[in-house]
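Biologist: Could you take me through this model before I set up any calculations? I would like to go from the chains as a whole to single residues.

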Amino acid sequence: MRADLTIIADLVNPGARVLDLGCGDGELLAHLRDNKSVNGYGLEIDPVKITTCVKNGVNVIEQNLDAGLANFPDDSFDMVVMTETLQSVRAPVEMLREMLRIGRECIVTFPNFGHWRCRLYLTARGRMPVSEHLPHSWFDTPNIHLCTFLDFERLCQDLELNIIERFVVDADHANRPLINRFPNFFGTFAFYRLGRPER
Amino acid sequence: MSQTAADTSVGIVEPQLFRHPASFLLQCGEALPGFELVYETYGTPDAAMSNAVLVCHALSGNHHAAGYHSGSDERPGWWDACIGPGKPIDTNRFFVVCPNNLGGCHGSTGPLSINPDTGEPYGPDFPKVTVRDWVRAQVLLADHLGIRRFAAVVGGSLGGMQAMQWAIDEPDRIGAAVLIAAAAKLSAQNIAFNEIARQAILSDPQFHGGHYRSRGTNPDLGLMLARMVGHVTYLSDDGMRRKFGREIKSGDIRLGRDVQFQVESYLHYQGRSFSKRFDANTYLLMTYALDYFDPAAEYDDDLVAALSGTRCDFCIISFSSDWRFSAARSKEISDALITARRNVVSCVIESDQGHDAFLLPIPRYFDVLGGYFDRLARETTGAS
């Protein structure tokens, strides 16, 4: 399984009810179903990926995330997962609020725009960073809401979201000492497990 | 039948007849003294009879879903594109059963049948049947065929409603319900179109209160109008523009008289041919069954509650340009199924062919449907 999905799978409790926003070919949900007895559903809009989900017996629902999640009742899931998609949704704040309305907890992963390579690229070349993980040019990128880990944590603070857990990795999805010391400089991806505002 | 068609066709099929000899109480309170269902089967049952698939037909459909009745048939059954060797519902793997519903006019007991009490055709006195009655009659057919459990029950439009009723009423006898271009109930707009169609028939002077047969006549005009209005609602604006545009069939629009647009000619042809092959009383009866279908009504209009007793998996397919059974109606079903914690896959197929799309071999539609049945086949053979 994809390395990032293994990390997420470890964060999900057995038997949980999981909603995967942008579930791709359903790899995570199939794994959770087979190994953790998870009752999961995935939202996806790519026709080819949807067909793959159908063939693999994954509960896939064709739904555009930018059209909202109003069709899901409050508290209908234990965990709502969004893998490397937050940076491409139209309204990230609304999305985070919705995820924590529907689910008691959520897991969000995204690439770090504060990584030293991005900083160096921008500083040295004076152009928008293009890399292996952010391969698009500014004019055709789906990533319209890129941020650094610090930006994201500031938003969580403003929204009073509870960061239960954070796991930062490098490009190989490995966690190294230097990353933990300077995550916003050396971390490539972060996995945030978030809870509702604490009262 | 061309050579290439023969490779993927179920070939020549012969309709069969199932006779239920005992009294059959309908939901309306009236009883039929017995009934017959005409049906066809395609493919071969496996030893455990675990590979059976029930195909439910829509408003104007019948039991002839695939193949040909004779070598000289010009057209195959209504869902031949989907049923056959190597097709989405693969007859190399599944044993497919398709009956004509109770109240139909193609061989099953219906308004054209003789009422044993009077010795005359039932005509307009044939009792009102419901989707639930159809399911109960199909259960008896399954018993007759030795099918304890269908691997899947599949249908489009009104057929999808039957699949849904199966899931609710017979949770132990259905592995998967495949609902295509269906709805949990009709909208006011949808009922309105049915009522226009009914009024077209009822107001035809040849209808004679439904006793047209004994008068030696037929409400051709009413049926034709009913089909024309129905047909327009099964297409989309874009689809009609693409298919007909403003093309002129005959006449000269500059002279402004005797002009016939292609679309007019097409609708006339569809309406006329329908009036020759369909019974008006059956049409009325089928539209009432459609209008009255509302399984959530018994659960305080709570669709989640209605679906909570189901145990099968669900596949929900809708089409982007279908406004008669819109994608939003299918979404209501899949949302309720998610809340009811059922396994469900749901997708919206891009198409400009309106409601009619469910009968057409649209590549993505068949990919999804074929993928779903492929998975069912793997699980069915894995289980047996």
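Predicted model: local features only at pLDDT ≥ 70, side-chain atom pairs only at ≥ 80, totals over all residues.

Biologist: What does the secondary structure of chain A come to?

Modeller: Chain A has 8 helices and 7 strands. Its radius of gyration is 17 Å, close to the 16 Å that the globule rule gives for 199 residues, so chain A is as compact as a globular protein of that length. Taken along the principal axes, the C-alpha atoms fill a box of roughly 50 × 45 × 30 Å.

Biologist: And how much of chain A is buried?

Modeller: Buried residues account for 38% of the 199 residues in chain A. As for contacts in chain A with a separation of 6 or more, 61% are between residues 24 or more positions apart.

Biologist: What about chain B, in the same terms?

Modeller: Chain B contains 11 helices and 16 strands. A compact globule with 384 residues would have a radius of gyration near 21 Å, and the 21 Å of chain B agrees with that. Its C-alpha trace spans about 70 × 50 × 50 Å along the principal axes.

Biologist: Which share of chain B counts as buried, then?

Modeller: Of its 384 residues, 49% count as buried. Among contacts in chain B between residues at least 6 apart in sequence, 70% link residues at least 24 apart.

Biologist: How many residues does each chain bring to the contact between A and B?

Modeller: Chain A contributes 16 residues and chain B contributes 19 residues. On the chain A side, strand 2 (39–44), helix 3 (47–55) and strand 3 (60–62) each supply at least two residues. Helix 3 of chain A gives the largest share of that side, with 6 residues.

Biologist: Now some local detail. Which residues of helix 4 of chain A are buried?

Modeller: In helix 4 (residues 92–102) of chain A, the buried residues are A:P92, A:M95, A:L96, A:M99 and A:I102. They cover an arc of only 135 degrees around the axis, so they are on the same side of helix 4 of chain A.

Biologist: Against what do they pack?

Modeller: The buried residues of helix 4 pack against strand 1 (17–21), strand 4 (77–83) and strand 5 (103–111) of chain A.

Biologist: Is strand 7 of chain A largely enclosed or largely open?

Modeller: Strand 7 (residues 189–195) of chain A is largely enclosed by the rest of the structure, because 5 of its 7 residues are buried. Strand 5 of chain A pairs with strand 7 in the antiparallel sense over 7 bridges, and A:T109 has A:F191 in strand 7 as its bridge partner. Strand 6 (residues 162–169) of chain A also runs antiparallel to strand 7, joined by 7 bridges. There, the bridge partner of A:R166 is A:Y192 in strand 7.

Biologist: Where in chain B does B:A163 lie, and is B:A163 buried or exposed?

Modeller: B:A163 lies in helix 3 (residues 158–169) of chain B. B:A163 counts as buried because 29 C-beta neighbours lie inside 10 Å, where the threshold for buried is 20 or more.

Biologist: Which residues does B:A163 touch, leaving out those up to four places away in sequence?

Modeller: B:A163 touches B:C56, B:V153, B:V154, B:G155, B:A177, B:V178 and B:L179. The C-alpha atoms of B:A163 and B:I180, 17 residues apart along the chain, are separated by 9.5 Å.

Biologist: One last topic, backbone angles. What is phi of A:D75?

Modeller: Phi of A:D75 is near 55 degrees, a positive value in a residue other than glycine. A:D75 is in the loop between strand 3 and strand 4 of chain A, and A:D75 is exposed, with 10 other C-beta atoms within 10 Å.

Biologist: And what is phi of B:D300?

Modeller: Phi of B:D300 is near 55 degrees, again positive in a residue other than glycine. B:D300 is placed in the loop between helix 8 (280–292) and helix 9 (303–308) of chain B. B:D300 is exposed, with 8 other C-beta atoms within 10 Å.

Notes:
Residues numbered from 1 in each chain as written. Chains lettered and ligands numbered in written order. Buried ≥ 20, exposed ≤ 12 C-beta atoms within 10 Å, placed from the backbone. Helix = DSSP H or I, 4+ residues; strand = E, 2+ residues; numbered from the N terminus. Arc of directions from axis to C-beta. Contact = placed C-beta atoms within 7 Å. Rg over C-alpha atoms; globule rule 2.2 N^0.38 Å. Pairing = 2+ DSSP bridges.
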